[in-house]
Amino acid sequence: MNMRWMKILLAAIMAVTIIGCSSNGSGSSENQEASGGTGGSAEPVEITFWRPQADEAEDQFYQEAVKAFNEAHEGKIVLKMETVTRGNSFAYEDKINAAVASNTLPDVVALDGPNVANYAASGIIIPLDEYFTQEELDDFVPSIIQQGTYNGKFYAVGLNESSVVLFYNKKIMDEHGIVPPTEIDKAWTWDEWYDVMKRTADPDRGIFGTNMINDKGEWMTYAFEQFWISNGTDIVSEDGTKAEGYVNSEQGIEAANFLKKLADEKLFNIDPTPTEFEEGKAATKLGGTWNITGFEAYPDLEWGITYFPRSPKGQVTSPSGSWAVGISSNSKHVAEAVEVVKWLTNKENSARLAKAINVPASRKSAFESIPEYNELPMRVIKEQVTTVSHARPVTPAYPVLTQKFAEALIDIMVGADVKSSLDNVAKVYDQEYARNFAE
Amino acid sequence: MNGTMQGEAMASAPRSHKMLSLRKRKRQEAIMGYSFLLPAGLLITLFLILPFGLAFVFGFTRFNLLRPDQIEFRGLENYLFLFTDPLFYRSLYNTLYFTAIVVPVQCGLALMLALLVNQKLRLTNLFRIAYFSPVITSMTVIAILWIYLYNPNDGLINSFLHALGIPKQPFLRSPDQAMNSIILMSVWQAAGYQMMIFLAGLQGIPKELYEAASMDGANRFQQLRYITIPSLYNVIVFVLTITTIQAVKLFTQPYIMTNGGPENTTRTLALFIYQQGFQFRNAGYASAISVVFFIIVVLLSFLLRKLLRDR
Amino acid sequence: MSDRKYAAFLYAANAVMTLLFITPLLWMVVSSLKPETHIFADLNSIKALLPSSVTLDNYIKAFHRIPMMKYLFNSLFYVTVICISGLVVNSLCGYALAKLQFKGRDMLLSGVIALMIVPFESIIMPLYFIVNTLGWVDTWLALIVPFVGNCFSIFMFRQFFMDVPNEILEASAIDGSSPMKTFVRIVVPLSGPVFTTVFILTFITHWGDFLWPILVTTGEKLRTVQLGIQTFFTLPPVYYGQIMATLTFTTLPIVILFLFLQRYYIEGITHTGVKG
């Protein structure tokens, strides 16, 4: 009996694998036929574009950009955008994975900055160097080039930039006579920031020294890797091959210990309500520029911006990175797809998107058309983005790195041993890299 | 075997029937049996057995989810790695712990609730709906609500404890409490589900049995002990089985609430598979874990059946 | 214990349990009626469960933001089709496994039980390969067909059909009815509760579907309620009032459905002698 079932099962597996292969084959030949047909110029080329759903303002920006693109390329290119629901941190990536598995990727695909290396290493996006001149590339802020480059080739163009700054509650600062720095070389050190938190935290009134989101997603690596960088190390080696001796280096442990100290002394709320800072329950907030939109619902809140705190021994630095667009290797119309990528990231759209969602632009020239960034408080953001910000590590094993690093940090903040938690990150990452990515 | 004995018992009754010979009748019944099975059988073969078979094959390979074309046959590599992976053992332990607590607690509570609402009270329908309402609210929604209820600082539960003079608890943020917190929420969410099944069983117990028992002077507890529980035996076995199966698949709650932390105390096998397969894109390794997971679950079900049969 | 005391005890026990079961959901409903700024400000006291400055603002804004009615229809449609076709297919299979004699029956039953425990997460990737091979991505078929045949439902039907007395079936067979006729005329009318139960359980299982619809539906056309809800959790600013409003609104149809089926469920159990 058992043997017979095994045979049936095996036969069925073989059948589906064969069907699968042949149908994939016919699928791509169909595509080729379609592309052959467009040689004649009668039919406009259809370019598909996937991006994750965002908030209203951002969605609207893309709808308008796509509409404008189609009007400008009438009769030549039709851009079809599909907005993918992004319920949890990984839903969009799950969908991309599934599409890769079945060869159904769109021509143009939006991807989060740190995924560039993984997608590039897997060959699902193509290098864009030949389509961009040096002059064009020079207009992007350095971190955009950094996040888009893997193995010396440029793969993905950032749609905008992002930054994390230290917001502060003006009323609370005034109460304690604290004046936050307004010059980048006077940015608070960890010790100075700690001191501010110590003075302003008031458990009786339910006020915390700071507020930092401690979600279980990308935020942890995005924001806290900078503590490692500022202290003179990083969470992996520059070529991405090794975490041992980086994430768990002497300086790394120091950085983690600082965060642990804040947690131990309850200077921040490990499970903050989403509107803690807005309600005046936190003196400072380590947050992204996108938070500003939410502040507007709280007229009582008077807020200011200062720089991302730096290590007493190290440099000023700040997080960066954002969603970018690349071209999938499934695309049969690369030239038209490049047209789309350039359109979406041109100076006007870069500025428009930056204004629409309160994020820094990805192009230096775009900043010129947004005067707010020349004045305080927004000047802080511009300075960080154009001078000191660092992209996240460029490594094909990034998914493991970010997940394990985030898990370790949360564990440390709720009381786990610093050294062994970080050692484990190094061990798991190095194992993963050796197993799947070493030559 | 069991089947043939039942078959003989069945066949003995219509022997008097003269229209069809026993043999012919049996053959006709078998044909009907197969055709009754056919639609479900086809669907399940194509959409459950086949994908599972593929997962089994993938278990011997290594490939990145993003590059299925670069699939490499690696023999037992994944399995050898699995048995040295401390996270696998941790996830296995967590899964078994959750199952061992949730199954009896949830089924016990569900039976109690079913007894409470199997009465002709004025508000019975309202109570039933109240107990069932968490079930019909999707787990995604429930988990999000409970993150706020469990908030270590100003969650509703801590406010309540505080009012009673009990110190605030860290719940999901503590390695000691996180899994138990998930257990509590899961029991709360799903007990209504088992309650419905028990209720259906209770409704099927003939009233005459109770009438006879109370004429014999049996009190309510004795009725429960000697009529209700034995009559429900099949239903209880069924409920325990499905609850075990649901419990070992634990995924959504830790996925949304803790993502396996703190210190891996809420990482379950299903979450481990998902993380390896989808987040880390190690499709081969994830498939190997799925296969081992499946074997463990099969063993567990056999154990459960054996335990229940011995009773 | 006298009957009156016993009834009082039942009321008290039910009241306590009801309170425990509905408080979190009450919080959801109450929060959906509050202005955004009150939701978390009220969280640390009993105020969290009391309405304050009631407003429908959250609902209005949420409906303005996404076409909730359309998503609701999509979800109701595909889940109902799964449930109804599932009832037909799985009840037949369950009946065959419970009451018909044929070779290999016990082995098939063990197979069904074993397959009940395959976690969906472990087959989702190969399942996607198959659905894609069939060309079903972004069609209703992808959302529905893979979930019609369901081992859990089969097992459930089988368990309940086991308790249908053989005498009834034999009587019908002696009258010359085919197994199909016996099933439709005799067994189905006796089994209202099972069908209702399986319907409800299948419905709530698929009502919560999330990962699969994300993979197989790409556009607006087939977007389901669960995906619609997630719209509100995307990038900040996240408005919790709108989330609560959407959660409340999407839970409502199932409560109504359940209320409706609940009545039928009780009426269906007028016969006796099936169990015990």
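1. In this predicted model, 83 residues of chain B are in contact with 80 residues of chain C. On the chain B side, helix α2 (residues 22-58) gives the most, with 20 residues. Sorted by class, the side of chain B that touches chain C holds 57 nonpolar, 20 polar and 6 charged residues.

2. Chain C itself is assigned two stretches: domain 1 (3-55) and domain 2 (62-270). Their C-alpha centres lie 31 Å apart. Between them, 8 residues of domain 1 of chain C are in contact with 7 residues of domain 2 of chain C.

3. On the domain 1 side of that contact in chain C, α1 (3-32) and α2 (36-41) each supply at least two residues. The largest share, 4 residues, comes from α1(C). By class, this side of domain 1 divides into 4 nonpolar, 2 polar and 2 charged residues.

4. Chain A contains an open sheet of 5 strands with mixed pairing, in the order β2-β1-β3-β12-β6. The edges are taken by β2 (77-84) and β6 (157-158) of chain A; each has a single partner strand, so one side of each is left without a neighbour in the sheet.

5. Helix α2 (residues 56-72) of chain A packs on this sheet, where it touches β1 (45-52) and β2 of chain A. The direction of α2(A) makes about 165 degrees with that of β2(A).

6. Within the sheet, β3 (residues 108-112) and β12 (residues 323-327) of chain A are paired in the antiparallel sense over 5 bridges. One bridge joins A:Leu111 to A:Ala324 in β12(A).

7. Helix α12 (residues 334-344) of chain A lies across β1, β2, β3, β6 and β12 of chain A. It runs at about 165 degrees to β12(A).

Definitions and conventions
Residues are numbered from 1 along each chain as its sequence is written. Chains are lettered from A and ligands numbered from 1 in the order in which they are written. This is a predicted model: local features need pLDDT of at least 70, side-chain atom pairs count only at pLDDT 80 or more; totals for chains, interfaces and linings use all residues. Two strands pair if DSSP finds at least two bridges between them. Two residues are in contact if their C-beta atoms, placed from the backbone, lie within 7 Å. Axes are lines fitted to C-alpha atoms, for helices over the stretch in contact, and angles run from 0 to 180 degrees between N-to-C directions. Ala, Val, Leu, Ile, Met, Phe, Trp, Tyr, Cys and Pro count as nonpolar, Asp, Glu, Lys and Arg as charged, and the others, Gly among them, as polar. Domain bounds come from an automatic or database domain assignment.
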